[in-house]
Amino acid sequence: MSEIIGLVAMSHSPFATLLPPDGPEQPGGRFLAEAARLSRTVARLAPDAVVVIGPDHFHANFYDAMPPFLIGVEHAVGFGDFGSRSGPLPIAGELAWSVYDGLTRAGFDLSLSYSLTVDHGLVQSYEMVCGTEIPMVPLVVNTAAPPLPTMERCIGFGRALGDALRGNGAAGRVLVIASGGLSHWLPSNDPRDPAMAEDRRHSVIHGREDARAFAAAREPRVRAMGGDPHAHVNSAWDRWFLKQLGTGEAEPIAALGDAGLEEQAGSGGHEIRTWLIGHAAVRAPLVWTSYEPVPEWITGMGLGATFQVP
């Protein structure tokens, strides 16, 4: 049987690479220093495999066919957006199939990929904490717009993921990484939104036709969003969210519903689904070790970790 040795839950942001701080006193400095400390901790723990839970930002999944949950089982490559790693990533295939089987038996219908592309939503946190040598199981959760799995569904998914890992036939030490932002406000990703520009609507539906060209057109717009000290961050809500995971009570978070979550944490706040899944899988209160609101990165940067796993 596999042993879950812990959870690392952390934000990701393009600006960790696009606008790196000069030192720990600069915006984002505490966050990156804490990520480096966790990397050293993970190296000492020496996991045999890592399950990475994160979103895609329209680099692999589009609204021609958008899955709520997706698992990679054989080959994966990093897209290389915003300075994240590009090229092949090691996959823990036997563990991935065991996770797939366990989640399917628990009633979750996952999309399956033998050749998965993942962007900074998974790769950045994986690379920060583990490097890129430890075999991984990539789990992609849609956090953009419907089909958004409900937060209750994500909690159930996480519990089933934990059962699947603990019931895995191959012995090994498994680390879970939940990669997602806290509060941040982004343009709508919902094709039903009448305010969405027609060219952007076309790209989120048909971007698979030329994902590289779509990304090349998008990155300058994202870069232009950086460096705004007035960008909105709801640090009070972020701290409440982290406190709830610290008590082990995720139900009040789920009770917000999608509209309540978006009102408090912005459209980017839907990424907390990855944290809910990881928290439920590990079944231990999250001991968050760092939180930093960084408007200049257009996102609240928070990082928490726990290795107190029963």
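Me: How do the residues of the lining of the largest cavity divide into nonpolar, polar and charged?

Reply: In this predicted model, the lining has six nonpolar residues, three polar and one charged. Among the lining residues are Pro55, Phe58, Met66, Pro67, Asn142 and Asp56. The volume of this largest cavity is about 50 Å³.

Me: How many cavities of 30 Å³ or more does the structure hold?

Reply: One.

Me: Which residues does Pro147 touch, leaving out those up to four places away in sequence?

Reply: Pro147 touches Tyr63, Met66, Pro67, Pro68 and Asn142. Met66, Pro67 and Asn142 also belong to the cavity lining. Pro67 is 80 residues from Pro147 in sequence, yet their C-alpha atoms are 7.1 Å apart. Pro147 itself sits in the loop between strand S6 (136–141) and helix H5.

Me: Where do the buried residues of helix H10 lie, seen down its axis?

Reply: In general, an α-helix has 3.6 residues a turn, so residues three or four places apart point the same way. In H10, residues 257–265, the buried ones are Gly260, Leu261 and Ala265. They fall within an arc of 105°, so they line one face of the helix. Ala259 and Glu263 are exposed, on the face turned away from the buried side.

Me: What covers the buried residues of H10?

Reply: The cover includes helices H5 (151–166), H8 (235–247) and H11 (272–282). After H10 comes Gly266, with a positive phi near 80°.

Technical notes: Residues numbered from 1 in each chain as written. Predicted model: local features only at pLDDT ≥ 70, side-chain atom pairs only at ≥ 80, totals over all residues. Heavy atoms only, no water. Buried < 20%, exposed > 50% of the residue type's maximum accessible area, 1.4 Å probe, protein only. Helix = DSSP H or I, 4+ residues; strand = E, 2+ residues; numbered from the N terminus. Arc of directions from axis to C-beta. Contact = heavy atoms within 4.5 Å. 1 Å grid on protein atoms, 1.4 Å probe; cavity = no way out; pocket = protein on both sides within 12 Å on 5 of 7 lines; lining within 4 Å. Points joined across faces, edges and corners; volume = space filled by probe spheres on them. Nonpolar A, V, L, I, M, F, W, Y, C, P; charged D, E, K, R; others polar.
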